[in-house]
Amino acid sequence: MMSSWWLASKAGAGAGAGEAAVEDVVPTGYRMGSTRISLWSQGWLARTQFALGAWPDALETVQRAAVRLTEVHIELSRPLVHWTGAQIHALRGDWDAAQHHVGEALADLHHYEVMLIPSCLARAQVAEAGGDYERVVEALSPVVHLQERQSIDEPGFWPWPDVYANALVMTGRLDQAEAFLAPHEELATRRSHRSAMARLGLARGRLTAAPGGTSTPPARSSSRPSPTSNTYPSRTTAPASTSPMARPCGAPENAARPTPS
């Protein structure tokens, strides 16, 4: 069941069918089945509910899973579960609750990649909701520099490349943004992964509109590094942008936006 949902979401299929598939797996932890699988399913169910705009349902799923996590201490699922809680609370402007979930999702390079990536995304997306793009770049830096990249960069697995590329643009790192975006765009196009192409298109649009940005995506080149080559440019320092953010995909119309300080 989980594999069917994963393949459907990776291919950019509708989220509604995926939600039903994951919901079927969630109760197994309470029927003497696998608690680990149940918690993992609840983590992805919350992500699906968030993508559908069902934020109250997603937070309810997160809370239910968080309570169970404190009982069974299954660390592997912890960052995935709390990632969604952090993002939704940040988008609603509840910064204390968002930071609580960021803390609960904490993982570093000593943890499995499946823990590190949602932990970094939680930090990055809370920072993004607050308009702090320097912190977005910082939060995703461990993911950028991971050595094994195939599943990390594969379109549809982890929604981090567009977040990082957008942060590079918003902090004035235009050359780095171009070097980072191009291979990810090419891979998403080769996979015909429409949702990944659309997400990367936001960063491409901002890069195009930025002073000194490229006007069109570059043609495919065999000499350009692929996303799996781990040859991204090193970080440089640039002033953070204070430009307002558009409403994120999947967010309800009444989602709170941060008030500029």
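Among contacts in the protein chain between residues at least 6 apart in sequence, what share joins residues at least 24 apart? That share is 66%, where a contact means heavy atoms within 4.5 Å. Some notes on the rest follow.

1. **Ground rules.** This is a predicted model, so local features need pLDDT of at least 70 and side-chain atom pairs count only at pLDDT 80 or more, while totals for chains, interfaces and linings use all residues. Residues are numbered from 1 along each chain as its sequence is written, and side-chain values use heavy atoms, with hydrogens and water left out.

2. **Confidence.** The pLDDT is the predictor's confidence in each residue, from 0 to 100. The protein chain averages 81, and 69% of the residues score at least 70. Over residues 1-7 the pLDDT is below 50, and this stretch has 16 contacts in the model beyond near neighbours in sequence. Residues 220-224 also have pLDDT below 50, with nine such contacts.

3. **Overall make-up.** You are looking at 12 helices and zero strands in the protein chain. Helices here are DSSP runs (H or I, at least four residues), strands are E runs of at least two, and the numbering goes from the N terminus. Of the 261 residues in the protein chain, 47% are buried; buried means under 20% relative accessible area, exposed over 50%, and partly exposed in between (1.4 Å probe, protein chains only). The chain exposes about 12,500 Å², with carbon and sulfur atoms supplying 55% of it; accessible areas come from the Shrake-Rupley method with a 1.4 Å probe, and for residues only the protein chains shown count as cover.

4. **Helix H5.** H5 (residues 78-91) has 14 residues and reaches 21 Å from its first C-alpha to its last, close to the 20 Å expected at 1.5 Å a residue. That expected span is 1.5 Å times one less than the number of residues. Because 14 of the 14 residues of H5 are buried, the helix is largely enclosed by the rest of the structure. Just after H5, Gly93 takes a positive phi of about 85°.

5. **Helix H10.** Here 10 of the 10 residues are buried, so H10 is largely enclosed by the rest of the structure too. Its buried residues include Pro161, Tyr164, Asn166 and Met170. They pack against helix H7 (113-129), H8, H11 and helix H12 (194-209). Gly172 follows H10, and its phi is positive, near 80°.

6. **Salt bridges.** A search of the whole structure turns up nine salt bridges, each a side-chain nitrogen of Lys or Arg within 4 Å of a carboxyl oxygen of Asp or Glu. Arg78 and Glu75 meet in one of them (2.9 Å, N to O); Arg78 is buried at 12% relative accessible area, whereas Glu75 is partly exposed at 41%. In another, the closest N and O atoms of Asp132 and Arg135 are 3.4 Å apart. Asp132 is partly exposed at 27%, and Arg135 counts as exposed at 54%.

7. **A bridge across the sequence.** Arg173 forms a salt bridge with Glu134, with 3.2 Å between the closest N and O atoms. Arg173 lies in the loop between helix H10 (161-170) and helix H11 (174-191), and Glu134 in helix H8 (residues 133-144), so the pair ties together parts that are 39 residues apart in sequence. Arg173 counts as buried at 4% relative accessibility, and Glu134 does at 19%. Elsewhere, salt bridges that share partners join Glu178, Glu185 and Arg204 into one network.

8. **Aromatic pairs.** Rings of Phe, Tyr and Trp (its six-membered ring) pair if their centres lie within 6.5 Å; planes under 30 degrees apart count as stacked, over 60 as edge-to-face and the rest as tilted. The count comes to seven aromatic pairs. The rings of Trp44 and Trp158 have centres 5.6 Å apart and planes at 40°, so that pair is tilted. Trp44 sits in helix H3 (residues 35-51) and Trp158 in the loop between helix H9 (150-153) and H10, so the pair ties together parts that are 114 residues apart in sequence. Trp44 is buried at 6% relative accessibility, as is Trp158 at 8%.

9. Tyr164 and Phe180 form an edge-to-face pair, 5.0 Å centre to centre with 65° between the planes. This pair links helix H10 (Tyr164) to helix H11 (Phe180), 16 residues apart. Both Tyr164 and Phe180 are buried. Ring pairs also link Trp40, Trp44, Trp83 and Trp158 into a cluster.
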